[in-house]
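The following exercises ask the reader to work from the sequence and coordinates towards a description of one chain. Each task is followed by a stepwise solution.

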Amino acid sequence: MPPRTDTLIMVRLATFVAVLSAALFAVAAPAAGQVKLTFDKHPAIDFGDTFTASVRVKSQNDWRDFPSEPGADPKNVFDPYRERIAVEGKILGRVIYHVEREFHETSSPWKNIYLDTRVIHGLHLQGGQFNMPFGLDQTTSLMNLDFNYHSLAGSFLAPGRGLGVMAYGDFFKKSLLAYEAGVFRQDGDNTRSAQLEDVRVAPTFAGRIVVKPFSKWQPLHFVRSVETGVAFTEGVLPAGLYSLKGQTIPGDAFVQKLYVNGRRRRLGAQLQWRPGPIGVQAEAMRVRDTRIGQGIEDEDLPNVVERAWYVSGTWLVTGEHKKDTITPTRPFLNGGYGAVEVGARVERLSTGNGPTLNPALFGPRSPYVLPTADLVWTTGVNWYLNKFFELSLNVIREDRTLPRTATLSSGPVWSRTFRIEFGL
Amino acid sequence: MRRRRIRPLVLMLTIAMCVPALRLSAQAAGAPAGVDALLDGSALHDVWIHINARDWQDLHTHYQDGTYYPVDFEWQDVKLRNSGIRVRGNTTRNDHKPSFRIDFNRYIDGQDLFGLRAIVLNNAWHDPSMLHDDLSMLMFRRMGIPAPRQAHVRLYVGAAREYAGVYVISEEVSKTFLTANFGEDNGYLYEFHRQDGDNYGFQEQPDLGWYVPRFGPKTHETESIANLYMPVRSLVEAVNEARQDNLEDRLGDYLDVRTFITELAVQNFLAQTDGLVGGVGMNNFYLYRFAGKKLSMLIPWDQDNSFSRIDVPPSEQMGTNVLTSKIWNEPKYRNAYLARLLDVADLVSSGWLEQEAARQYEQIRAAVYEDPLTPYSRDEFDQANAFVQQFARERTDVVRHYVASMAPEVLNARRLMTRRGP
């Protein structure tokens with residue numbers, strides 16, 4: 001089978017980044033005395049301002065206890081969820097590069113590969129493959145998630161990574177207003193259309209504005225970390241069975257696959273608040289797919305709408321301040337117990353616009369969309385042993401709204417996952 | 001605000017009123033006489049496949065894939081919504097006039113057409129007469145062998161109701177078929193898939209893995225390989241171990257030898273070149289093992305290579321198969337086989353087969369002439385039908401002469417019995 005077009009693009013992109021770095025490094029020819037090897041959180045090499053490189057390793061291994069369900073494939077207890085290596089650094093002190101590869105997943109092993117530079121104050125440019133600016137949870141690094149899995153909203157409604165260029169930056173002090181705006185070759189890698197082998201250019205525009213309305217507000221310092229934002233994507237949707245996916249926690253599809261055609265529009269809102277050791281996060285998303293000429297008789301069908309939301313809260317029991325990356329004040333076996341965080345999340349993903357009266361109404365080219373939903377409660381404990389290791393235990397309950405003919409269980413369905421995470 | 005509340009209410013009421021008109025089974029839709037009317041062959045019916053134009057195009061472009069596309073199936077006043085259609089067939093598979101499988105359950109569990117969960121639309125790609133398969137199945141049933149019912153239909157497609165030609169509609173060998181013919185559906189049903197290069201005729205195969213690609217399970221699909229295939233291997237072992245002079249002694253628990261002989265006689269009378277003793281080994285059959293028993297039965301499928309030549313000796317290829325070799329080499333069974341050939345000859349000599357061939361030809365002629373996708377000219381169609389009728393007229397004498405030359409005692413016994421009366 002020939003390699004996928006986007007895989008070829010990724011290989012070319014990675015090669016380009018590597019060759020450019022080598023060329024710049026050769027031209028600059030730093031003196032040996034300028035070379036510095038460091039190992040703080042990860043191994044790095046600096047050739048002065050000319051070239052820097054650091055190696056990042058991300059490893060997440062899961063032990064899972066998923067229920068045995070009729071109509072579902074059996075799942076392995078052990079799951080090497082993520083095994084990634086990345087090289088990143090700066091060229092000539094101005095251009096940031098990042099190349100990342102997944103070794104566990106083989107279908108699309110190249111992850112974030114991009115160049116990034118600041119043009120002027122308040123304007124950065126980024127080009128390559130990277131997360132499209134939509135979805136707070138989706139655009140959070142997998143090493144910094146509060147729970148073992150991304151939210152349903154982040155996994156299935158947010159676009160994920162795309163190949164494109166993006167401008168971003170922030171204005172005013174303390175990042176009062178930040179923006180991201182980009183154009184991408186097609187929709188992100190969370191979607192079915194991104195799995196097309198013959199990828200045609202179907203541009204998707206994405207943008208997000210995040211404000212920290214109280215960041216400069218002195219009287220109530222505990223609300224200064226509140227940040228909220230809105231985001232959108234708008235793009236071409238190729239004709240075919242490319243409606244958005246939806247999977248249960250064990251990974252079984254529960255959302256009906258539908259024919260779509262025309263445009264896909266996402267709207268999202270996000271909120272994050274981190275007062276001291278507490279973290280509160282919430283998102284809501286709505287995705288609308290048009291279905292031009294997709295009926296059995298070639299007629300236009302009503303739009304498909306999927307919705308998802310979540311609200312989560314975490315508390316660092318050991319008192320550290322909630323940040324993207326948690327570093328224990330007193331690491332385990334180094335005078336302390338590490339950092340312990342407890343959290344809970346409730347979320348729901350739903351779709352469907354038809355009545356539940358008669359199954360004969362529902363088909364992939366029917367005007368009616370089978371009403372399905374998954375309401376998920378996740379509770380978890382994270383134990384950050386030190387800045388490299390973390391252990392996480394999640395207990396998850398699902399209540400599913402499924403058609404009466406579905407083979408999967410409606411719920412409540414309980415899952416447990418235990419993760420050992422190593423980050424370098 | 002008031003208007004906002006009323007609109008969804010009106011919509012829900014409208015849907016609630018319309019929805020009872022849609023049912024999962026066509027039986028309740030007030031349709032005429034059930035599926036018998038469609039499959040009894042007494043009339044040329046029109047079937048309308050409602051399909052998105054893009055799907056129709058994709059289905060032809062990717063005809064090798066077996067991808068399902070959603071369709072609404074309409075026949076008379078029966079409309080089954082959200083069914084699935086895919087291209088089917090092996091050597092007859094093509095992008096010009098593909099054969100189809102229509103699965104009423106593809107997207108909706110429990111939907112059926114008068115009990116049929118799926119139907120097949122055959123293109124008769126290798127049969128310019130378009131009658132071989134249907135007439136063969138009729139012959140099997142007349143000889144007491146369960147075989148799928150078939151009929152001809154005019155197929156119309158798409159929103160514009162374009163004529164897509166004449167097809168042979170067939171019921172599937174499925175649980176519905178098993179219930180109708182055997183009064184049970186919980187046995188083990190396998191579809192035989194001949195593999196390229198095989199010339200299989202019950203030769204022993206000790207490795208269970210050998211059976212997996214050849215005997216595709218149509219029931220109990222999720223059971224273990226051991227459960228599925230050890231009984232099939234035991235059947236093959238019994239065929240091989242059975243003494244030629246007393247096949248029933250070892251084989252009787254696994255296969256009804258007399259029924260097998262009847263199936264063989266029908267196929268060889270009809271000069272089928274791709275059946276139980278075809279030139280490429282066994283082909284075109286299902287194997288059904290009755291529930292709770294070792295006993296199995298072969299069910300014929302896809303007989304479009306019958307009516308090949310009028311003068312084919314009914315002993316041709318008998319030596320290529322372990323079981324048919326034993327039958328042929330043992331006078332007791334050979335005579336039983338020849339006697340069944342005479343039974344078939346008697347049935348055909350009544351003129352029934354010729355009349356049926358002529359009737360079907362007249363029934364479909366105008367529709368085939370207008371078929372925009374048939375690979376055959378009108379002359380080829382007419383000539384092929386003339387040959388089928390000639391076959392029906394002349395084959396009996398060929399077979400009787402053959403039996404007379406091989407075993408005159410069998411023919412004499414038949415004549416004696418005829419004179420004495422039943």
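**Exercise 1. The open sheet**

In what order do the four strands of the open sheet in chain B stand?

Step 1. The order across the open sheet is β9-β8-β10-β11, and the pairing is antiparallel.

Step 2. The edge positions belong to β9 (215-217) and β11 (296-300) of chain B; each has a single partner strand, so one side of each lacks a neighbour in the sheet.

Step 3. Ignoring direction, neighbouring strands of this sheet are turned against each other by 30° on average.

Step 4. Strand β8 (residues 188-192) and strand β10 (residues 285-289) of chain B are joined by four bridges in the antiparallel sense. Within this pair, Tyr188(B) lies opposite Arg289(B) of β10(B).

**Exercise 2. The barrel**

Determine the strand order of the closed barrel in chain B and follow its pairing from β1(B) to β4(B).

Solution. Step 1. Seven strands form the closed barrel, in the order β1-β2-β3-β4-β5-β7-β6 with mixed pairing. From one strand to the next, the twist averages 40°.

Step 1. Strand β1 (residues 45-51) of chain B pairs with β2(B) in the antiparallel sense through five bridges. Ile49(B) faces Phe73(B) of β2(B) across this pair.

Step 2. Between β2(B) and strand β3 (residues 78-88) of chain B there are six bridges, again in the antiparallel sense. Here Trp75(B) is opposite Val78(B) of β3(B). Two residues separate the strands of this hairpin, and Gln76(B) adopts a positive phi near 50°.

Step 3. β3(B) also pairs with strand β4 (residues 99-103) of chain B, over five bridges and in the antiparallel sense. The bridge partner of Gly84(B) in β4(B) is Asp103(B).

Step 4. Is strand β2 of chain B mostly covered or mostly uncovered? Taking as buried a residue with 20 or more other C-beta atoms within 10 Å of its own, five of the seven residues in β2 (residues 69-75) are buried, and the strand is mostly covered.

**Exercise 3. The chain as a whole**

Step 1. Along the principal axes, the C-alpha atoms of chain B occupy a box of roughly 95 × 50 × 45 Å.

Step 2. Buried residues make up 41% of the 422 in chain B. Among contacts with a separation of 6 or more, 66% join residues 24 or more positions apart.

Step 3. The secondary structure of the chain amounts to 14 helices and eleven strands.

**Exercise 4. Confidence**

Identify stretches of chain B in which pLDDT is below 50, and relate them to the average for the chain.

Solution. Step 1. The average pLDDT of chain B is 90, and 91% of its residues score at least 70.

Step 1. One stretch with pLDDT below 50 covers residues 8-23, which have 13 contacts in the model beyond near neighbours in sequence. Over residues 27-32 pLDDT also stays under 50, and the model has eleven contacts beyond four places in sequence for this stretch.

Step 2. Where pLDDT is low, predicted coordinates should not be read in detail.

Step 3. For the complex, the predictor gives an ipTM of 0.76 and a pTM of 0.82.

Conventions. Residues are numbered from 1 along each chain as its sequence is written. Chains are lettered from A and ligands numbered from 1 in the order in which they are written. This is a predicted model: local features need pLDDT of at least 70, side-chain atom pairs count only at pLDDT 80 or more; totals for chains, interfaces and linings use all residues. A residue is buried if 20 or more other C-beta atoms lie within 10 Å of its own, exposed if 12 or fewer, and partly exposed in between; C-beta atoms are placed from the backbone. Two residues are in contact if their C-beta atoms, placed from the backbone, lie within 7 Å. pLDDT is the predictor's confidence in each residue, from 0 to 100. Two strands pair if DSSP finds at least two bridges between them. Axes are lines fitted to C-alpha atoms, for helices over the stretch in contact, and angles run from 0 to 180 degrees between N-to-C directions.
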